[in-house]
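Me: I'd like to learn how to read charged side chains in a model. Could you walk me through it?

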Amino acid sequence: MLLLLTLSLGVSVSAAAVSKLRGGWYPWMPYQYEEKTDEVQRLTGLDIELFREIFENQLDFTLELPQINWDEHQQQLKEGKRDIAGGAFMTEERENYVYFSTPYRTEDVVLVASRRDAQARRFINKDKFIKDFPNSKLRLGVVDGYFYGDVIDDFLSAPANRNRVLSSASVQSNLQNLIEGKVDLVPVDRLVGASLIWENKFASQLVMGETPIFSGPIVALFSRSSTSPALVSSFNQALQTIRESGRYNMIVRGYLFPTLLGLAADQPWFRMLDNIGTAAFAFSGVLLARKEKFSLFGALVLASLPAVGGGILRDLLVNRDRPAVMDSPNHLAVVFVVVLISFVALRLPERHVRLRLIPTIEEKGNWIIKLFDAVGLASFTVVGVIVAVEERCDPLLIWGPIFSAMTGAGGAILRDVIRADASHPSLHHEFYAEISLLWGFLFSLFIVSYADVESFNLMSIKIAVALTGIGCLLTRVLVIQRGIQAPAFASMPDRETMPPTAHSEGEYGRRLQ
């Protein structure tokens with residue numbers, strides 16, 4: 001909600017009247033936040049970058065944006081001491097003291113509860129909240145000056161509910177109050193809540209509702225006391241210009257979609273597929289280690305590279321501050337478990353034939369291994385595109401598919417480089433990385449197209465993630481079943497140099513006849 005921009009003069013302004021805009025920001029990730037790049041704190045976010053693009057690049061203003069409280073901003077808009085605010089809902093009260101710009105995005109307000117509080121968890125559902133929460137004794141945590149929609153606004157305005165409301169200075173402190181049991185429910189923008197819960201590792205303690213308690217368009221506010229409709233018109237025209245140029249699409253992809261895609265992929269079923277695929281990739285290294293008589297450490301290396309090597313290569317290419325494998329040890333843990341179980345199974349006495357898993361799988365379970373490998377390719381294809389979006393790689397239609405193929409197949413290729421084996425199937429005849437390229441491209445195409453809409457439905461993105469994974473999996477299964485091979489990079493021989501066939505008139509053909 002909360003980018004605030006103020007004109008440095010206390011008089012009515014138009015787009016050409018002043019060159020410096022004084023304003024502020026409020027911690028509201030992914031819309032407004034500070035990130036550390038090369039040891040330097042930088043203010044960024046969707047609202048920040050959008051306003052910089054419009055006011056600095058399109059309208060030739062200079063912005064000054066210190067951090068400032070939102071409630072105070074609203075009061076100064078009324079008094080004309082501040083002129084512009086971004087990331088705000090339209091309300092009847094605000095219409096008395098500001099002009100509204102054209103909407104440029106939407107926000108969904110959801111309810112957050114403690115996982116340990118079964119009674120409070122019932123009310124994260126919109127219908128349950130409307131029907132039963134006003135008559136309960138549960139407490140609500142809010143931030144001063146925020147608008148959460150008519151349902152919550154009506155609750156807050158009722159004098160009888162004053163003792164059930166606790167106001168905080170920020171969303172962060174609001175969630176902390178929830179964890180400490182000072183309140184029972186907290187309304188928050190879906191993406192802001194998801195970002196804070198992930199960043200502060202609150203996922204094991206807090207749960208967000210799926211259905212929004214309120215959804216509405218987001219606009220820029222222009223003080224009636226210190227600005228004119230001409231400035232609003234200039235803003236709207238500039239907004240339309242960057243929409244048509246594709247710049248708006250890039251800003252949305254860079255700042256909203258990493259969170260949206262993270263929410264869509266952070267599902268139990270996707271994590272399960274990811275683990276199954278990682279185990280399959282690791283097991284392919286175990287089989288090679290057994291065949292070529294590697295040591296236990298060598299087996300760990302051969303198993304780790306297909307599972308995490310592609311992701312490490314990808315992260316090095318985009319110069320990520322920390323490779324993903326260092327932020328989450330889950331993949332390496334799966335690799336270690338697979339290698340250790342395989343190592344123990346190979347050393348079981350001969351009489352424990354049922355437990356001699358490796359030889360049995362090698363002889364009879366090759367198709368099962370390929371199926372699990374296909375599951376891994378599907379999940380890694382989705383992850384590759386998500387990383388391309390997170391790192392704001394452009395054009396996404398090129399880097400999304402490349403990162404998908406690199407994440408899915410790059411590790412196995414790296415493993416074979418270490419083994420000095422140039423006969424890797426993906427580089428010769430196997431139709432493997434091409435599948436990841438195809439579905440990575442289709443997923444990237446969806447993201448680029450969907451970023452142009454003003455209202456983002458999380459369910460649509462979840463469906464896109466699921467369809468990409470399922471499509472990649474089924475394509476790989478079809479390739480395995482039909483024995484489809486990748487086109488070979490070789491020129492067709494000249495007709496004069498081709499060996500005669502059974503249908504030719506040469507000596508070779510006559511002999512066959």
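Reply: Happy to. A salt bridge here is a side-chain nitrogen of Lys or Arg within 4 Å of a carboxyl oxygen of Asp or Glu. Keep in mind that this is a predicted model. By this rule, the count comes to 17 salt bridges.

Me: What is the N to O distance where the side chains of R320 and E390 meet?

Reply: First the general idea: side chains of opposite charge can pair when their charged atoms come close. In this structure, R320 and E390 form a salt bridge at 2.5 Å, N to O. R320 sits in the loop between α13 (296-317) and α14 (324-327), while E390 belongs to helix α17 (residues 366-390), so the pair ties together parts that are 70 residues apart in sequence.

Me: And how does burial look for R320 and E390, buried or partly exposed?

Reply: Buried means under 20% relative accessible area. R320 has 18% relative accessibility, so R320 counts as buried. E390, with 29%, counts as partly exposed.

Me: Which residues are linked with them in a network of salt bridges?

Reply: The network links R314, D315, R320, E390 and E391. Within it, look at D315 and R314: their salt bridge has its closest N and O atoms 3.0 Å apart. D315 is buried at 2% relative accessibility, and R314 is buried too, at 3%.

Me: Where do D108 and R190 lie?

Reply: Their side chains meet in a salt bridge of 3.9 Å, N to O. This pair links distant parts of the chain, with D108 in strand β8 (residues 105-114) and R190 in helix α8 (residues 190-199), 82 residues apart. D108 is buried, with a relative accessible area of 17%, and R190 is buried at 9%.

Me: Is D150 buried or exposed?

Reply: D150, which lies in helix α6, has a relative accessible area of 51% and is therefore exposed. Leaving aside residues up to four places away in sequence, Q76 touches K81 and R82.

How values were computed. Residues are numbered from 1 along each chain as its sequence is written. This is a predicted model: local features need pLDDT of at least 70, side-chain atom pairs count only at pLDDT 80 or more; totals for chains, interfaces and linings use all residues. Side-chain values use heavy atoms; hydrogens and water are left out. Helices (H or I, at least four residues) and strands (E, at least two) are DSSP runs, numbered from the N terminus. Buried means under 20% relative accessible area, exposed over 50%, partly exposed in between (1.4 Å probe, protein chains only). Contact means heavy atoms within 4.5 Å.
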